[in-house]
Protein chains: 2
Amino acid sequence: MEFTVNLPYFKKAISIVSNIVSAKTTLSLLTGVKLVASADKLTLIGSNADVIIQKDIPKYMDGKQVLEVYQPGSIILSAKYLSDLVSKLPGEIHIKVNEHDRVTIQSEEVITTFNGMNPDDYPTVPSVKEISRVQLASNELAEIIKQTGFAVSKNESRPVLTGVQFSLKDNELIAVATNSHRLALRKQKVRTGDNCTCIIPSNTLQELTKIIGTGSTPINVSISEKHIAFEAELTTLYSKLIEGNYPDISTLVPAESKTILTLDTKNLLNGIDRARLFASDRKNNNIHIESEDSSMMKISSNSTEIGNIEETQAIYSIEGEKQFKIALDGNLIVDALKVIKEELVMISINGSIRPVLMQPKGNNNYLHLISPVRSYETANT
Amino acid sequence: MEFTVNLPYFKKAISIVSNIVSAKTTLSLLTGVKLVASADKLTLIGSNADVIIQKDIPKYMDGKQVLEVYQPGSIILSAKYLSDLVSKLPGEIHIKVNEHDRVTIQSEEVITTFNGMNPDDYPTVPSVKEISRVQLASNELAEIIKQTGFAVSKNESRPVLTGVQFSLKDNELIAVATNSHRLALRKQKVRTGDNCTCIIPSNTLQELTKIIGTGSTPINVSISEKHIAFEAELTTLYSKLIEGNYPDISTLVPAESKTILTLDTKNLLNGIDRARLFASDRKNNNIHIESEDSSMMKISSNSTEIGNIEETQAIYSIEGEKQFKIALDGNLIVDALKVIKEELVMISINGSIRPVLMQPKGNNNYLHLISPVRSYETANT
């Protein structure tokens, strides 16, 4: 194998694929990046146990030649050393591999020799049959992940809850995540004749957000029984899916509510964020939200050791019962409000022990449910 | 105590003094910030076991009123909670303390109540007698710290080596730091009739660099037997000094050298930085620098497990013996080169076992000594 590659393009590609490569894996092949040079492109592949990322550098990019392959071939190089080295090289890179997998990397006056690894045993990209397909813009996909990914369970005891469920049905994608204390649901209109349901590991989606841009590049998503692939023009991410049955969430969203508040999203976020300061000790991790009068509400929290905080905020509008009082975990409210970009948010309250529903005003594509905290006070109501 | 203070000025002052306050100290008073309101100013004080930082907010700043004291007094508030809270408040802050040390902080519609601590037992600012004084510009002081502070010993077994020695003599300040493997020395012309020597804890100097700006504000330095104070217009830092005798370094700097190389500082830094990549395992933590011919030299390192790297660099000029070969710890060279801002650096070599002297070309105010690594190869020369 022998090729010359433009430094900035090579550097960028290495940083994308080496991102998921762990330095601490028992399988030493997986500490490496696989380079495959063919006549008209260089492919870089990085992987961990669950995800494979593949990035192509074609011969021409942005109207100039960035690659010249003299001899096709493949090799695996330590991801850590390769990305460290390449970040420090001065210019165009020439790579040559000899028959003993010794790799010479030259850049101007700097000559490096690496012990490469045999590429034959590297994990192969999963071949997928009986596939469902859908196309999403990268910014849509990024927003779907942002609005659901944070709500997954961190606890491995129920693996299905550590992923985000994607369901395709009737030209709609529904993404759902829950840790059983909170639930985030995001809908997106799509064009596909395919119907399917799968559970994508949360880590896969976090890796995906790192590599898809914020533009509106089309991302082709292919789903088989055990794998999913996200494919942009030159970058593809393959991942295992989580097997198992996702809980039925269709009955969880309340059909009607005692009180529906409409509030300023940013003011509420700031108020809850302040009140969290005093809600950090274990006995009092809850924030109280209650009606003051029909146009004002009070947000408060109290720590016997440190002190207490309270503030009043204007209610933009209120429907149903004017009296309300609920205790919620401030961190859960902040997480949900942070991903609502609309100016107004609707909070639906059904007494102090039923989940609170949060939705951006005028947007039915996103909703969030939060179970209240059962404090000594609210447990008796 | 009761006062109203402008939010941005208060926020800034809290961040400066709370920086050194540790949340994990056995003396709970030291987890707090002390606020002292007098008729025409508010003083904030933060401290740890070794350092006290004091910051004043006068009634008027930048041409406007930023403080109104209604009733003088003092209180201690948790640094962590106060700085978290203040960073999240919406506007001007009104603080009132009642007779039971309960503190009410109001900002627009947000009302917080804190349990304050009695200020009477808070450590007092050291009173200093028999003082030496010197004035430095903040950017000079910052550069002196930057060029010496990194060279102190991290090992507490010889406490004097964990500090930087400041010597005032004949209108010159000499700052020295060494960990016995390397030494950094920086001279600065100053105007003072005072002569003295003291050892300043490295941590004190790191805290100082955080609070002095990069401008040329005058900093008044006062040194007594056991304490040092750095005083800017509204901010003062007091610190304990390290007691003990600093080693005599006057004989360490070689009077003459076998070979003196002049090299491009940035090229050398980049070359050594690259070579470090392969010098990380214990057996081969050295980088070899040797002559190729009278105009070129080779920088190389070798790791049996990973690979090797070598590059040639042009020698700008060479005096003395044209043949040289030395092995050095790459990290020590990089540390020293990073704080040399001059374009050219002079490297004086006295054989492979004597310390190497590094100095910026055309600037006698900074020098750095590095002891060579004695590898199997060089041990026999």
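Predicted model: local features only at pLDDT ≥ 70, side-chain atom pairs only at ≥ 80, totals over all residues.
I started inside chain A, where two salt bridges (Lys or Arg side-chain nitrogen within 4 Å of an Asp or Glu carboxyl oxygen) cross the interface of domain 2 and domain 3. Residues are numbered from 1 along each chain as its sequence is written, chains are lettered from A in the order written, and side-chain values use heavy atoms, leaving out hydrogens and water.

I looked up A:E143 and A:K341, whose side chains meet in a salt bridge at 2.6 Å, N to O. On the domain 2 side, α3 (138-148) and β15 (182-189) of chain A each give two or more residues, and β15(A) has the largest share with six.

Domain bounds come from an automatic or database assignment: domain 2 of chain A is 132-240 and domain 3 is 259-379. I get 29 Å between their C-alpha centres.

Next I went to the chain interface. I count 28 residues of chain B in contact (heavy atoms within 4.5 Å) with 28 of chain A. A:D273 and B:K88 form a salt bridge, with closest N and O atoms 3.2 Å apart.

Last, I checked the strands: β11 (residues 110-115) of chain A runs antiparallel to β23(B), joined by five bridges, where pairing takes at least two DSSP bridges. A:T112 stands opposite B:I309 there.

Conventions
Helix = DSSP H or I, 4+ residues; strand = E, 2+ residues; numbered from the N terminus.
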